[in-house]
Amino acid sequence: MVERTQPVSPWPGVGAAALVAALILGTLAAVALRADAAGGFGPADWAALRFTLVQAVLSALFSAALAVPVARALARRRFPGRRVLIALLGAPFILPVIVAILGLLQVFGRAGWISEILGFFGLPPMRIYGLHGVVLAHVFFNLPLATRLILQAWQEIPAERFRLAAQLGCDGMAMFRLIELPMLRRILPGVLAVIFAICLTSFAVALTLGGGPRATTIELAIYQSFTYEFDLGRAALLSALQLALTAAAALAALKFSRGDGFGAGLDRAIRRWDGGAPVLDTFWILAAAAFLLLPLAAVVISGISGLFEMPLQVFRAALTSVLVAAASTAVLLMLALPMAMAVATGRYGIVELSGILGLAASPLVIGTGLFILIRPVANPTALALPVTALVNAVMALPFALRILVPAARDVVTRHGRLALSLDMGKNTFFTRILLPRMRPQIHFAAGLAAALSMGDLGVIALFADPQIATLPLQIYRLMGAYQMQAAAGAALLLLVLSMGAFWLLDRGGRLHAET
């Protein structure tokens, strides 16, 4: 019956969703079974749990607290380049973590720009390794996300509320107390929960900036169980704990993200009459821009000279990263497109639920399960690159579905009845109607997946041997060998490759939309 009333067949999407669910739930089951054989938590495990919770709480609090004045300043001020700055706030999401860390070291490290300024005044250099370094890096990544979320909530306040407050003679403090503070009470708990959940699964940041056993997250402890102890039981037990924490944080984020807003307005442009403090707003905007752009500028400046010091292994790793990103993008599209079609029919919500399972599972947890499943039948290191591409695709799947599903629903709603009345075949509708109209969204999802995969430093660290490396892993190895100039050059190469992949793939969709 469903087949006759829908222009697209949902069954390929159902099959893709089943494969994704089997991969995630199967690896989690393997982790749970192996965790039963573990001997329990030791002092180091409890220390990792405490550090994970502390750094996640501090990162969420600092990110949200700093985002409030930045978002308020952006909501109140109009200036040349405002749209560009807001667009740049999304850059850290696709920025390779290892590149951002190198940039932070160039600015805030012991030999960084800030330390040089402090030394000029006779002050000691900054220390970036340890808890404060991990929190600093997390704020760098999550401050833009928090700012965008809070700014969006600010812009959703109907303009009539501010007009009415001005007519009643409310000053800036009264407007904040009566209009803006209730909005912040509604949006901030969800923002805090989302950032807390993101920081729980920190791996590359803790790996490079942790600074020792006292600054070890759960994910880093999982990695250490593999590489140093090869204790699969302990790694599985830690993975189960990681899954429980991440699932609880995800549920909290979903719960706190709900809430009633201010209602609908007349969609007028928001105008403020409270004046505010223009100097203070300017300070927050410039400070946020400097905090986000200086590390990127440092990567470019130091990377140019480091390009000539890169060993041959960097170029091999770059080629490996390109191939892994291409394979990951292809796998993502093969999974996401049929799943988006199934969700667009409106009858298979379970498919969408399967697609967001990746948000509740850490890449290292899935990698742990795959290692446990593969090891009895094959050498896991021989499958390092295919496994990395597969896990990267699954991790990008929730974001791709958020991009593709609304467009697929719109196409099915607009053209589905006409296609059925013309007795158009499902394959014809898919290739002639749906794909051309979804091309911008498909290209955007592909570009996002390629950029995320290009900069990933996660599963490959579990599976790779010394002869195999993606570019992020090779950069980490250069940093460990104190070849910082070569690492800076490789980081610049990775930045160009990841941003270039996103730009090229997304541009293909935009060019098609403009013709």
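## Helix α3 against helix α8

The axes of helix α3 (residues 43-76) and α8 come within 6 Å of each other and cross at roughly 40 degrees, which makes α3 oblique to α8. This description, like those that follow, rests on a predicted model. In passing α8, helix α3 forms a right-handed crossing, and the residues of the contact between α3 and α8 comprise 21 nonpolar, six polar and one charged.

## The course of helix α8

Helix α8 is built from 25 residues, numbered 131-155, and spans 35 Å from its first C-alpha to its last, a value close to the 36 Å expected at 1.5 Å a residue.

## Helix α8 against helix α14

Two packed helices are described by the angle between their axes together with the distance between those axes. For α8 and helix α14 (residues 278-306), the packing angle is about 115 degrees and the axes lie 10 Å apart; because angles of 65 to 115 degrees count as roughly perpendicular, α8 is placed roughly perpendicular to α14. The crossing in which α8 passes α14 is left-handed.

On the α8 side, the contact is made by Leu136, Val139, Phe140, Leu143 and Pro144, while α14 contributes Phe291, Leu292 and Pro295. Sorted by class, the residues of this contact between α8 and α14 are eight nonpolar, with no polar and no charged ones.

## Helix α15 against helix α23

Elsewhere in the predicted model, the axes of helix α15 (residues 312-344) and helix α23 (residues 471-480) come within 8 Å and cross at roughly 150 degrees. Since angles over 145 degrees count as roughly antiparallel, α15 and α23 are therefore roughly antiparallel to each other.

In this pair, Gln313, Val314, Ala317, Ala318 and Ser321 of α15 meet Leu471, Pro472, Gln474 and Leu478 of α23. By class, the contact of α15 with α23 holds six nonpolar and three polar residues, and no charged residues.

Terms used: Residues are numbered from 1 along each chain as its sequence is written. This is a predicted model: local features need pLDDT of at least 70, side-chain atom pairs count only at pLDDT 80 or more; totals for chains, interfaces and linings use all residues. Side-chain values use heavy atoms; hydrogens and water are left out. Helices (H or I, at least four residues) and strands (E, at least two) are DSSP runs, numbered from the N terminus. The expected span of a helix is 1.5 Å times one less than its number of residues. Axes are lines fitted to C-alpha atoms, for helices over the stretch in contact, and angles run from 0 to 180 degrees between N-to-C directions. Angles under 35 degrees count as roughly parallel, over 145 as roughly antiparallel, 65 to 115 as roughly perpendicular and the rest as oblique. A crossing is left-handed if the near helix is turned anticlockwise from the far one by less than a right angle, and right-handed if clockwise. Contact means heavy atoms within 4.5 Å. Ala, Val, Leu, Ile, Met, Phe, Trp, Tyr, Cys and Pro count as nonpolar, Asp, Glu, Lys and Arg as charged, and the others, Gly among them, as polar.
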